[in-house]
Amino acid sequence: MSHSSKGGISLKKRAFIGLSVLLVLSLLLSACGGSKQEQNDAGAAASDPSKPVELSVFAPQQAGIENMDVNKFSKYIEDKLGIKFNWSTVPDAGFSDKKLLLLASGDYPAVIMNAGISKADQIKYGQQGAFIPLNDLIDQYAPNIKKAMEDVSYLKQGMVAPDGKIYALPKLNECLHCTYGQRMWINTSWLEKLGLSMPTTTDEFYNVLKAFKEKDPNGNGKADEIPFTTSSDGVWGGGVDSFLMNAFIYDNTSDYLSIKDGQVIYSPAQPEWKEGLKYLRKLFAEGLMDKAVFTQNNDAVKQLANKPDAAVGTVGYALLSSAFSVDDSNPRHKDYDVVPPLKGPNGVQLTGYSIGAGDGSFVITNKATKEEQVAAIKLADYLWSEEGTVMTSWGFEGEGWKKADSGKLDYNGKPAKYDVVPKAPSANGETTLDNFWWQLGTMQMLNSIRESFAAPSDPLGNGAYEYRLWLAAKKYEPFAKPEVVYPADTFIDPADAMTVAQMQKSLTDYVKSSLAQFVTGNKDIDKDWDSYIAGFKGLQLDQYLAIYQKALKK
């Protein structure tokens, strides 16, 4: 699973003048303002089905669901909450650009869903008045959200801005296998054939790769095995360092930040990174790593992985499905299991760890009247209920899910609560449109909900892939050290946001380019290390770290 957002900061600059005027209006129309009687009247109107509240909403239109105006789940919510949606949608690919244009023009609706609002922009648009603070609305009309803020340990940090205001709701989407997304998949049939055990250290992993290269595990009499492959084209969990460097130093492969003794550090500028590079260089130099790891794309990995004669010993991706079909069309995927985190020569044994609320996904703007504000927060609160979360994710009972049969057990071996109803293929082979929301806007998907579904009897069977990933994640969970991970939901000062974004790109490009040169031997790790470290000064690494250190202390 991955998320992305597009740039467009220059467009936002046009909004400053218009939004400064709107700030005055927002103070008058703020959700936090008005008398208690006005708030009660608005709440009563929003829940009266005989007087539906019209709610203007801007959202992406997903290709796989019905038009939002006729969507069955939309109608269900309208009837349940006493609202009438006035949808404004654009195809998902153009949503981010259109959103920025609307915010810059000042002509936006009462609610934006799947908003993708960064922490910095939540503060920016909130303090300018375009996004209203939600604190009082949550306190009065959103018991599910309010309870979640008490129960979910990291939620407040991801929602509450440094000024104490909540300007956006995240799409809370817990997923155990997403938390531990830096994985290595190994051909266990090759291990068995060669009489090898699952590797637990970097030395053992080296020896396994060497055996894969030299002992013809696919049995075709050819030296055509590739002990380890991956790609660096943005596939989730991909990259030469993604899994292996965590045996030397924490490496999240994105911003490369970590925490040591309360200080923010940059992993690629540490001595431990140098030792990790030497290990990766050894694998490459001895032909244990695919020579094309830095140049090939994911399609090339797929072609290699699916050759008639099995050719791949290990593949570094979060998802096995990035390389193989994980259904009965090709059973080869059943030969692969995850390698648990390896212990390095100095005892380091870490796993990638990613948890947090994420960007703002549901905002109420200053275009909403008091009545619409209450209706909007009640909509969000319903989507945060278990019923709302299950229905926006799987659809209606009997269609996408059902109550689990007696005797079925969930992921944790307890009586299951739900079971998935597989989507039946259409007779003519055409894809049928779904009538739910595909998790549009916001929700509270907890691990406890995912894990309450019936566990498939065969983790390798059709339809069992989610469970298989969960089982894989359980092998990584004991090696997580959240204390070394820079919190993903830290609010960055809007004044620093543009600078940080530019610095991060320059630094990341430098690290990835240098990684490739060191591993392939174009640069000598010992001779060129000092000049590599000196290069960070020109990229303003100290200023980059200072900004994140300042944000961490807020």
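Leaving aside neighbours within four places in sequence, which residues is Gln62 in contact with? They are Asp92, Asn114 and Trp438, where contact means heavy atoms within 4.5 Å. Gln62 sits in the loop between β1 (53–61) and α4. Its relative accessible area is 18%, so Gln62 is buried. As for the terms, buried means under 20% relative accessible area, exposed over 50%, and partly exposed in between (1.4 Å probe, protein chains only). Helices (H or I, at least four residues) and strands (E, at least two) are DSSP runs, numbered from the N terminus.

A quick word on the model before going on. It is a predicted one, where local features need pLDDT of at least 70 and side-chain atom pairs count only at pLDDT 80 or more, while totals for chains, interfaces and linings use all residues. Residues are numbered from 1 along each chain as its sequence is written, and side-chain values use heavy atoms, with hydrogens and water left out.

**Helix α17**

Now to α17, which spans residues 386–394 and is mostly covered, with seven of its nine residues buried. Those seven are Gly388, Thr389, Val390, Met391, Thr392, Ser393 and Trp394. What do they pack against? The list takes in the helices α4 (72–81), α16 (370–383) and α18 (447–450), plus the strands β12 (401–403), β13 (418–420) and β14 (443–445).

**Salt bridges**

Side chains of opposite charge can pair when their charged atoms come close. Counting a salt bridge as a side-chain nitrogen of Lys or Arg within 4 Å of a carboxyl oxygen of Asp or Glu, a search of the whole structure turns up 19. Here are some of them:

| Pair | N to O distance |
|---|---|
| Lys147 and Asp151 | 2.4 Å |
| Lys505 and Asp509 | 2.8 Å |
| Lys278 and Asp526 | 3.1 Å |

Lys147 and Asp151 are four residues apart in helix α8 (residues 143–151), so about one helical turn separates them. Asp151 counts as partly exposed because its relative accessibility is 47%. Lys505 and Asp509 are likewise four residues apart, about one turn, in helix α20 (residues 494–520). At 54% relative accessibility Lys505 is exposed, whereas Asp509, at 40%, is partly exposed. Elsewhere, salt bridges that share partners join Lys210, Glu214 and Glu286 into one network.

**α14 against α20**

On the α14 side, the contact is made by Trp273, Leu277, Leu280, Arg281 and Phe284, and on the α20 side by Val511, Leu515, Phe518, Val519 and Thr520.
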